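Reader: I'd like to learn how to read a few features off a model like this one. Can we start with how the strands get their labels?

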Amino acid sequence: MKLGFIGCGNMATAILGGILKKQLLQPEEIIVSALHQETLDRAAKAYRVHTTLDNREAALADIVFLAVKPQFYQQVIEEIKDTVTQDQIIVSIAPGKTIETITSWFGKQVKLVRTMPNTPAMVGEGVTAVCPSDAVTKEELQKVLTYLECCGIAEVMSEHLLDAVVSVSGSSPAYVFMFIEALADGAVRDGIPRSQAYRLAAQAVLGSAKMVLETGKHPGELKDMVCSPAGTTIEAVAALEKAGFRNAVLSGMKACTDKTKSMR
C-alpha cells in the first residue's frame, strides 16, 4: 500500500480526495484507519479506498499520514511504533507537536515530515507549511509535497516558524469566515437579502485574495487603489482603523500562537 491515513477527518479526506482527483494514486493504493466503523464506511463509499479499524495495518503504507487529533498522537504512536520502519515516511498534521517530541514517542529515528495544513484544502485552495526531519531526503520530501499540492499550495519552512503558521494560515480561515459573516450582516442591515449578501461578501474576499497572489502588489497598494480621495472606501477604512481592526487581528493571532506553543 502506497499511502496510509490514520484518522479520517476533514484534513485526511481533503488530502486523499485531492490525490484521487488528480489521479496521482488509485483508490486501491490507499488505506484508511479510524476509530469507528461508520467513519470508515463513509470513506469507502466516497473514495473506494481500503479501510481498517487496525491502525497498525494502515501504518504499513509507504507514506503514513497521522491525521488524528493532537491529544491522541502519543497514544496512536505507541500503538504503531513497532510496526513503523526507518524506510517509511511519517507525515504529521498536529499543531504544536515538534519533530523532536514525535520522534521521542516513536523511540527511534523515523523519516518525519511535520506539516500544518488548513481547511480550505477541502476545496483545493489550502495552504500547508512543511518541515522535514533530517532523515528525509530531497526526493522523499518532493513526493510528500506533490501529494499536499493536490489540495492547494505547500511551503517548506523552518520548524521554529510553524507555531506562527498556525495563526496566519492554519487557524485564519475562522477569522476570514467571521469577516465574511460581518460583511454579510452589514449588507443585510442595508437591505440586501441574506443569501445574496453571503455570495457578494465571499466573492469579494476571494477576488481580493486572488489580486494579492496574482499581481504581486503589496496589500497596502491594492487598498490605496480602492480608496478615492474623499470617497466612500476611505471613510470605511478610517472607521475600521478607529475601531482597532488591525490590532484586533494581531491580538487574535498572538493568542493563537501562544496557545499553539502551550500544546507542546
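This is a predicted model: local features need pLDDT of at least 70, side-chain atom pairs count only at pLDDT 80 or more; totals for chains, interfaces and linings use all residues.

Reader: Is Lys111 buried or exposed?

Author: Buried means under 20% relative accessible area. Lys111 has 16%, so it counts as buried.

Reader: And which side chain does Lys111 make a polar contact with?

Author: That would be Glu140: a polar contact of 2.6 Å joins the two side chains. Leaving out residues up to four places away in sequence, Lys111 also touches others, including Gln86, Asp87, Ile90 and Val136.

Reader: On to the rings. How many aromatic pairs does the structure hold?

Author: There are 2 aromatic pairs. Planes under 30 degrees apart count as stacked. The ring centres of Phe5 and Phe65 sit 4.8 Å apart with planes at 15°, so this pair is stacked. Phe5 is in strand β1 and Phe65 in strand β4, so the pair ties together parts 60 residues apart in sequence. Phe5 is buried at 0% relative accessibility, and Phe65 is buried too, at 1%.

Reader: What about Phe179 and Phe245: how are their planes set?

Author: Their planes are at 50° and their centres 6.1 Å apart, so that pair is tilted. Phe179 belongs to helix α8 and Phe245 to helix α12, so the pair links parts 66 residues apart in sequence. Phe179 is partly exposed at 34% relative accessibility, and Phe245 is partly exposed at 38%.

Key:
Residues are numbered from 1 along each chain as its sequence is written. Side-chain values use heavy atoms; hydrogens and water are left out. Rings of Phe, Tyr and Trp (its six-membered ring) pair if their centres lie within 6.5 Å; planes under 30 degrees apart count as stacked, over 60 as edge-to-face and the rest as tilted. Helices (H or I, at least four residues) and strands (E, at least two) are DSSP runs, numbered from the N terminus. Buried means under 20% relative accessible area, exposed over 50%, partly exposed in between (1.4 Å probe, protein chains only). A polar contact is a pair of N or O atoms within 3.5 Å; within protein, one must be able to donate a hydrogen and the other to accept it, and residues adjacent in sequence count only if both atoms are side-chain atoms. Contact means heavy atoms within 4.5 Å.
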